[in-house]
Amino acid sequence: MAAPGENLKINPDRLWDSLMEMAKIGPGVAGGNNRQTLTDEDGEGRKLFQSWCEDAGLAMGLDSMGNMFARREGTDKDALPVYVGSHLDTQPTGGKYDGVLGVLGGLEIIRTMNDLGIKTKHPIVVTNWTNEEGTRFAPAMLASGVFAGVHAQDWAEDRTDAEGTRFGDELDRIGWRGDEPVGARKMHAFFELHIEQGPILEAEGKDIGVVTHGQGLSWTQVTIEGNASHTGSTPMPMRKNAGLGMARVLELVEQIALSHAPDAVGAAGHIDIFPNSRNVIPGKAVFTVDFRSPDKAVIEEMEKMLRMGASDICGQMGLSIAFEKVGGFDPVTFDEGCVAAVRGAAERLGYSHRDLISGAGHDACWINRVAPTAMVMCPCVDGLSHNEAEEISREWAAAGTDVLMHAALETAEVVE
């Protein structure tokens with residue numbers, strides 16, 4: 001298949017303006033975004049994206065998990081489409097680029113093709129996957145997981161948020177449930193553009209990350225129960241402090257991750273203490289331990305060490321403890337042909353690049369199970385993400401989208 005010419009590039013100002021316009025929806029308190037999945041703000045962001053897609057002449061498809069598919073026809077209606085995209089939902093204190101760059105970068109590809117009259121044999125579809133972040137409704141990458149057959153749809157729709165609200169009910173409430181069966185679509189390939197969410201590319205002065213693998217992930221929800229009692233009148237030897245038990249388990253998590261250096265990581269990001277009162281010793285602690293490694297055996301060993309070590313800690317303190325696996329996926333090896341298309345695009349365009357293993361989970365990790373898949377990454381300042389201070393440059397966004405476009409067009413086969 002012929003590769004696009006090296007002079008073919010997107011409109012960087014138009015892409016940046018679109019990113020800034022989307023960022024106005026669900027603004028955070030410190031310059032970022034709070035556009036959590038299936039909130040009113042999510043619905044508003046979807047509506048804006050749909051209007052832009054319609055303006056670009058795309059036909060919008062919507063499945064029953066709320067996944068959005070904006071299609072530009074190819075010259076061969078029977079050829080399987082090349083998909084590009086990511087997600088529009090954010091963390092509660094999220095940035096303006098995590099996920100959004102991949103969706104709006106995909107749209108910018110279409111706009112550039114329209115400007116230049118470029119036709120492809122295969123259709124190209126820009127995708128917004130529902131609930132990638134997994135903050136409001138765990139686990140992460142929920143709807144792409146249903147699409148790939150990892151999760152049952154009924155199970156996914158029964159996921160609840162902290163207030164007990166069901167995913168399925170909220171999808172209906174905001175009006176973004178479609179009729180299309182989830183997973184019915186077949187793909188020729190899938191490419192996802194994303195910010196790195198780590199410091200490597202910026203530190204090494206590289207424009208592009210060619211993602212060859214994705215780390216595996218394990219989320220274990222831990223519940224420790226003791227006895228809520230008065231902080232002033234309960235003697236120290238008679239306390240059953242669930243908060244202290246959690247603190248000791250979190251120290252164990254750190255030790256486990258460090259013992260599997262250099263590639264393994266571990267932490268707890270979601271923590272709830274009950275009753276969370278100034279003068280009450282915590283009677284219950286609920287937190288989620290996040291272990292990651294590119295080696296499945298290492299993840300399994302860390303899980304085992306957590307369960308054994310945490311049980312011993314709580315047993316010695318007179319606390320009860322329970323474990324629930326609430327999310328995870330195996331390490332991912334992306335498609336060699338798609339990875340080569342990304343690497344070749346970066347080289348053709350003259351962008352500096354290096355291979356990367358993604359430390360974060362992405363929808364591409366699930367889609368890789370059902371279609372040839374690869375990822376493109378651009379740097380982010382100080383590697384900061386899942387934070388309102390997340391930042392990228394206009395040039396980084398443009399370079400990543402240029403590489404995405406070239407890889408997608410080569411795979412979709414430009415018609416002369």
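Could you start with H151: why does H151 count as buried or exposed?

Author: Happy to walk you through it, and please keep in mind that this is a predicted model. H151 counts as buried because its relative accessibility is 16%, and the cut-off for buried is under 20%. You will find H151 in the loop that runs between α4 (142–147) and α5 (153–157). If we set aside neighbours within four places in sequence, the residues in contact with H151 are P139, L142, G145, V146 and W366.

The chain is divided into domain 1 (12–214 + 331–412) and domain 2 (216–329). P139 and W366, together with P331, supply 47% of the area that domain 1 buries against domain 2, more than any other three residues. Between them, the two domains bury about 830 Å², and 73% of that is on carbon and sulfur atoms. In terms of residues, 12 from domain 1 are in contact with 11 from domain 2, while the C-alpha centres of the two domains lie 33 Å apart.

UniProt, in an unreviewed entry, lists residues 215–306 as "domain: Peptidase M20 dimerisation". Over that stretch the chain is 30% helix and 37% strand, and the C-alpha atoms at its ends are 19 Å apart.

Now to the annotated positions. The unreviewed UniProt entry places the feature "binding site" at H87, D98 and H194. These residues are spread over 108 residues of sequence, yet they cluster in space, with a largest C-alpha distance of 9.7 Å.

D98 is in the loop between β3 (82–86) and α3 (100–116), and it counts as buried because its relative accessibility is 5%. The side chain of D98 makes a polar contact with the side chain of H87 at 3.3 Å. Leaving out neighbours within four places in sequence, D98 is in contact with residues including D89, E133, Q197, H386 and E390.

H194 belongs to strand β6 (residues 189–195), and at 1% relative accessibility H194 also counts as buried. The side chain of H194 makes a polar contact with that of D98, at 2.9 Å. Again leaving aside neighbours within four places in sequence, H194 touches S86, H87, D98, G99, H362, M375, V376, M377 and C378.

In soluble globular proteins, nonpolar side chains tend to be buried together. Here the largest nonpolar core has 99 residues, and M22, F49, L101, L104, F191, I392 and V403 touch the most other members. Helix α12 (residues 394–412) gives the most to this core, with 11 residues. The core draws at least three residues from each of domain 1 and domain 2. Apart from it lies another core, of 21 residues, among them V253, A264, F287 and V289.

Technical notes:
Residues numbered from 1 in each chain as written. Predicted model: local features only at pLDDT ≥ 70, side-chain atom pairs only at ≥ 80, totals over all residues. Heavy atoms only, no water. Core = buried A, V, L, I, M, F, W, Y, C linked by side-chain atoms within 4.5 Å. Buried < 20%, exposed > 50% of the residue type's maximum accessible area, 1.4 Å probe, protein only. Helix = DSSP H or I, 4+ residues; strand = E, 2+ residues; numbered from the N terminus. Domains from an automatic or database assignment. UniProt positions renumbered as here; feature names shortened; annotations may be inferred. Contact = heavy atoms within 4.5 Å. Polar contact = N/O pair within 3.5 Å; in protein donor to acceptor, adjacent residues only side chain to side chain. Buried area = accessible area lost by both parts, 1.4 Å probe.
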